[in-house]
Amino acid sequence: MKIDIQDVLFWMDAIRNSDDQYRTLESFWKGQVNSKVWLATELYKTISKTKKNNIVIYGGWNGVLASILFNSRLPLKRITSVDIDPVCEDIANTVNKRYEMLGKFEAVTHDMCKYVTGADVVINTSCEHITQEQYDQWLDNQPDNALIVLQSNNYFDLDEHIRCSTDLDDFTRMSKIKPYYRGTLDMPKYDRYMIIGKKNV
């Protein structure tokens, strides 16, 4: 995957203009970026390529995943990045400035559990940050026919990680979807898990 240099420059703008540059820089750490490239690579293998897809990213943080997806071969119509932290909205819009100006990207501040969408693809890479009850509420709101992409990990050492999984089978059980793809990405401090599938309806 090659990242357009114009997008890299917007990434730098987002970091430089942030009130907390170190916190913004966290979203560009090697583990974060590798997890997102892995997602884009596997999603391409399972996504519908017969139409342009609307994607919603829940827990979209600073918009890095959206930028990586725009730089992939995925057939995209529009990406919406949803995060409950209001600080993320301006940063994500700057990271994806080229696509925002074209009307292909929007960052919104909202509780993922209450944000309802009709997207073709829904992505949640923050499964470890919400309780099982919140996750179940979130899943209930997703379209029955949407392709669902989930990521979590076994990094229990962080206080904000309130719903980690012990292994891929545990994550699958907690996720309650029919998987088309399951995988593990080995990281230095933890394992990253990913499932791509659809709701059990």
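Which residues do ring pairs link into a cluster? Ring pairs join Tyr58, Tyr115, Tyr135 and Trp138 in this way, and the close-up views below show this cluster together with other parts of the predicted model. Residues are numbered from 1 along each chain as its sequence is written, and side-chain values use heavy atoms, without hydrogens and water. In this predicted model, local features need pLDDT of at least 70 and side-chain atom pairs count only at pLDDT 80 or more, whereas totals for chains, interfaces and linings use all residues.

View 1. Strand β1 pairs with β2 (residues 76-83) in the parallel sense over 6 bridges, and valine 56 stands opposite threonine 80 in β2.

**View 2. The aromatic cluster of Tyr58, Tyr115, Tyr135 and Trp138.** A search of the whole structure finds 9 aromatic pairs; rings of Phe, Tyr and Trp (its six-membered ring) pair if their centres lie within 6.5 Å, and planes under 30 degrees apart count as stacked, over 60 as edge-to-face and the rest as tilted. The ring centres of tyrosine 58 and tyrosine 115 are 6.2 Å apart with their planes at 70°, so this pair is edge-to-face. Because tyrosine 58 lies in strand β1 and tyrosine 115 in the loop between β3 and β4, the pair ties together parts that are 57 residues apart in sequence. Tyrosine 135 and tryptophan 138 form a tilted pair, 5.6 Å centre to centre with 40° between the planes, and both lie in helix α7 (residues 132-140), 3 residues apart, about one turn of the helix. Tyrosine 58, at 0% relative accessibility, counts as buried, as do tyrosine 135 and tryptophan 138; buried means under 20% relative accessible area, exposed over 50% and partly exposed in between (1.4 Å probe, protein chains only).

**View 3. Two charged ends over the ring of tyrosine 44.** The charged end of lysine 49 sits over this ring, 4.5 Å from its centre, and that of arginine 73 sits over the ring of tyrosine 44 at 4.0 Å from its centre. The criterion is that NZ of Lys or CZ of Arg is within 6 Å of the ring centre and within 35 degrees of the ring normal.

**View 4. Positive phi at tryptophan 61 and lysine 176.** Tryptophan 61, in the loop between β1 (53-58) and α4 (64-70), has a phi near 55° and is partly exposed at 21% relative accessibility. Lysine 176, in the loop between α8 (168-175) and β6 (177-186), has a phi of about 60° and is partly exposed at 42%.

Key
Helix = DSSP H or I, 4+ residues; strand = E, 2+ residues; numbered from the N terminus. Pairing = 2+ DSSP bridges.
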